[in-house]
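Subject: Structure for your review: cavities and pockets

Dear colleague,

Please find below the structure that I am handing over to you.

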Amino acid sequence: MESNYDGRPDEYSGPQEWLTWFDAKYGLSWQQCRQSIHPLQAVLLEMKGTAKLWPKPLQRLHWLHAVTFVFDQVETAFAATDAYNRYYYEMSFSRMTEPWISHFLELAAGIKTGSWSALEQEWMQSLVKLLRERAGDAQPSLLGWDRLYHAIWGTLLDNKDQLAVERIKLSAMLESLTADNRAYSFVQGALANLDVVAMNEESAVERLAAANYDSVSWLAYSFAERSLEQRRWQPFRAWMNYLQNELAECRNSVILRPFLTLCRKADLHSDEDWGERMIAFLPHSYEELASHWLAAGHYVRWADLLLYLGVRIETLTIQDLREAGKAAPRVLIPIYHQAVDDAILARNRQGYRLAVKLLKKLEKLYEAEKLAAQWGSYIKQFAQKHQRLRALQEELWKGNYVK
């Protein structure tokens, strides 16, 4: 048993005694954070040091409480900042808390469920309560408390008794909330997580649909990803339907990328054509869709997509053109035809030179497909069609296409 000083509890004390001591000794630490929360790093190290000789399972729970306490100090410091510089503080504080959040998640991932002592159970219940209350606070916050809450719950999903108790508490919270309350989305998301554990995805989807999408979208993606990994196609389809409906008006390719990535993964492992869902978001899904069809060897669909959107050949990478040209040279023929026509429309010497350069590559494609006769007919008609463009005729002569 470690020795105490200045009233500090010991390892046999409960979490409430430690939280009371934390508050008495470090509760005003936020006042040191005038322009930076760096002073809280020393506070966290000192708090963790009080449990350095404890048994590892109990030490981990103590440290999680310590990090949570420091996060509360960060929130208090942020709330005290002036409105004029609030954006600066938000960026600065958020960046500086990233290592602490990573540390919290690492500690949470190491929690071992099983035969816990009564004291360990008390510590865990205290931690869940702290995070539930913080995430369920209706006031705006700097940190993602809901993610911290779910990180802890990720270690408790096989504890049916704990799940039942938590559902009762969350349901009671929900009864007192309205949809415009910030806490409403958190509670619906937490209950949706419990529904997913119970394999009741239909109810989970309904809960997230009732919540604010921006607040719970990350949960929907995690549920969809889990269903995909388990090859449970019905719930996966339900989550993708929800996401597609919420993203229907989105025109931002960055926001769409997680959804499109899931479509790409699903298309490789199921019989359903998930490319159709990606098509629905064109042209904003072009890069992901083109990359997917090329990687999957769907060269005809890839080429049709480029032609449909009028993608200029110079925007394609040499690697992509080389891959398609080697595997299916025929699909590149109409793309190069279009590129030649576009180059001529420039009506200048540079454009004509580019056209002849493209004709050289087009000729190789015809040869690869054993279409020498068709090539000869095409180039003859091409020269005749543009016989009035003297500069183009000169470039064709330099390329040995006319005499």
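How much space lies in the largest pocket? About 450 Å³ lies there. The model is predicted, so local features need pLDDT of at least 70 and side-chain atom pairs count only at pLDDT 80 or more, while totals for chains, interfaces and linings use all residues. Residues are numbered from 1 along each chain as its sequence is written, and side-chain values use heavy atoms, with hydrogens and water left out.

Some terms are needed first. On a 1 Å grid over the protein atoms alone, a cavity is a set of points where a 1.4 Å probe fits but cannot get out, whereas a pocket is an open set with protein on both sides within 12 Å along at least five of seven lines; lining residues have an atom within 4 Å of a point. Grid points are joined across faces, edges and corners, and a volume is the space filled by probe spheres set on the points.

**The largest pocket**

The lining of the largest pocket holds 15 residues, and the closest to its centre are Ile-313, Ile-318, Leu-321, Tyr-336 and Lys-361. Two or more lining residues come from each of α16 (318–327), α17 and α18; helices are DSSP runs (H or I, at least four residues) numbered from the N terminus. By class, 9 of the lining residues are nonpolar, 1 is polar and 5 are charged. Here Ala, Val, Leu, Ile, Met, Phe, Trp, Tyr, Cys and Pro count as nonpolar, Asp, Glu, Lys and Arg as charged, and the others, Gly among them, as polar.

**The second largest pocket**

About 340 Å³ of space lies in the second largest pocket. Its lining has 20 residues, with Gly-144, Asp-146, Arg-182, Ser-215 and Trp-218 nearest its centre. α10 gives the most to this lining, with 6 residues. The classes are 8 nonpolar, 7 polar and 5 charged.

**The cavities**

There are 2 cavities of 30 Å³ or more. The largest cavity has about 70 Å³ of space, and its lining includes Val-311, Arg-312 and Ile-313. α17 (329–344) and α18 (349–368) each supply at least two residues of that lining, and α17 gives the most, with 5 residues.

The second largest cavity has about 30 Å³ of space. Among the residues that line the second largest cavity are Tyr-149, His-150 and Trp-153.

Yours sincerely,
A colleague
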